[in-house]
Amino acid sequence: MKIVIDTYGADEGAKVLVEGAILALKDEDFIPVFVGNESQLKEIINGRIKDYEIVHTDEFISNDEEPVRAIRRKKDASIVLAYNKLKEEGYDGLLSAGSTGALLAGGIFISKRIDGVDRPSLAASLPSTGEICMLMDTGANMDCKPAYLEEFAIMGKIFLQNVLGVENPKIGLLNVGVESHKGNKLTKETYKLLEERDINFVGNIEARDLFTGKVNVLLADGFAGNVAIKTAEGVIDLLKGELKGVFYKSFKNKMAALTIKNDLKESLGKFSAQKVGGAPLLGVKSYVYKAHGNANEIAISNAIKGLIKYINMDVINKIQGELND
């Protein structure tokens with residue numbers, strides 16, 4: 001199995017992608033195919049990987065560029081070369097920590113959409129005190145139609161069943177209230193569509209329950225989903241900072257912190273993005289995972305392992321089959 005890794009876009013540069021691949025190779029059997037500056041990559045690898053490939057380029061698409069235009073014009077951009085590599089025999093999946101917009105545009109215009117899918121979706125796993133939960137969408141589709149959210153529900157259900165082993169996943173709709181009549185035009189129309197579908201739709205979910213695991217797939221347009229998840233990330237970081245300040249306030253507090261250090265680490269670990277590492281881009285004809293720009297090598301490693309499981313479970317064909325039933 002060959003996994004194509006776009007080495008541009010991570011906050012820590014190409015090094016974190018290489019280190020993550022090396023870490024993943026301890027548990028998985030695959031050949032990493034790095035797309036980026038050849039001399040820099042060879043220097044980072046430094047003989048630590050026995051079997052690998054490099055696709056050289058110094059060009060990439062930044063977050064400031066208009067994604068569709070950049071995908072069409074920058075033929076040697078790393079994400080374009082990576083997607084084109086997937087068209088060749090033996091290249092199985094793609095991981096990128098770069099521009100979300102470029103990843104989505106590449107999926108639509110190079111890989112192409114699965115038949116029956118109007119818009120692909122990024123399915124981000126949320127930290128949860130309850131069951132596994134994925135938020136769809138988290139920024140790939142800022143403006144959605146009810147039919148898009150209906151497709152997200154089907155794709156999320158199939159991914160959870162096959163990759164994460166969740167039987168009969170519960171589907172919820174992010175809204176301003178739990179009542180069926182609440183919300184804007186999009187959520188009201190989506191609610192009606194989901195009620196008619198043969199899925200386990202449990203109704204509206206408020207943002208206060210983002211991390212309680214009441215549902216396994218939480219549906220939202222990319223704007224609302226992105227605002228929700230980034231607000232939650234900010235609050236978590238704020239609380240961690242406040243806790244640290246309290247613990248370092250006095251010697252007594254430091255001693256108290258030592259007694260609960262392990263329990264606190266375990267509890268806060270539930271809210272770490274490192275465990276999941278990335279989000280699948282569901283709805284395109286290639287197996288694609290998006291890692292966060294600030295991911296470390298542990299997150300990259302876990303993203304690669306998640307991508308490999310996604311590939312092995314033949315999820316794309318299963319999504320295709322259910323959408324066309």
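**Entry 1: strand E4 and its neighbours**

I looked up the bridge partner of Ser-96 and found Lys-290, which lies in E12. The model I am consulting is a predicted one. I then examined the pairing as a whole: E4 and strand E12, residues 287-291, run in the parallel sense and are joined over four bridges.

I next turned to strand E1, residues 2-6. E1 also pairs with E4, in the parallel sense, over five bridges. Within E4, I noted Gly-93 as the residue that stands opposite Ile-3.

I asked how many of the six residues of E4 are buried. I recorded five, so described because buried denotes under 20% relative accessible area.

**Entry 2: helices H4 and H5**

I looked up how helix H4, residues 78-86, packs with helix H5, residues 100-111. The angle is about 40°, and the axes lie 10 Å apart. H4 and H5 are therefore oblique to each other. I also recorded the handedness: H4 passes H5 in a right-handed crossing.

Which residues make the contact? From H4, I listed Ile-79, Val-80, Tyr-83 and Asn-84. From H5, I listed Ala-102, Leu-103, Gly-106, Gly-107, Ile-110 and Ser-111. I then sorted the contact of H4 with H5 by class and counted six nonpolar and four polar residues, with no charged residues.

Definitions and conventions:
Residues are numbered from 1 along each chain as its sequence is written. This is a predicted model: local features need pLDDT of at least 70, side-chain atom pairs count only at pLDDT 80 or more; totals for chains, interfaces and linings use all residues. Side-chain values use heavy atoms; hydrogens and water are left out. Axes are lines fitted to C-alpha atoms, for helices over the stretch in contact, and angles run from 0 to 180 degrees between N-to-C directions. Helices (H or I, at least four residues) and strands (E, at least two) are DSSP runs, numbered from the N terminus. Angles under 35 degrees count as roughly parallel, over 145 as roughly antiparallel, 65 to 115 as roughly perpendicular and the rest as oblique. A crossing is left-handed if the near helix is turned anticlockwise from the far one by less than a right angle, and right-handed if clockwise. Contact means heavy atoms within 4.5 Å. Ala, Val, Leu, Ile, Met, Phe, Trp, Tyr, Cys and Pro count as nonpolar, Asp, Glu, Lys and Arg as charged, and the others, Gly among them, as polar. Buried means under 20% relative accessible area, exposed over 50%, partly exposed in between (1.4 Å probe, protein chains only). Two strands pair if DSSP finds at least two bridges between them.
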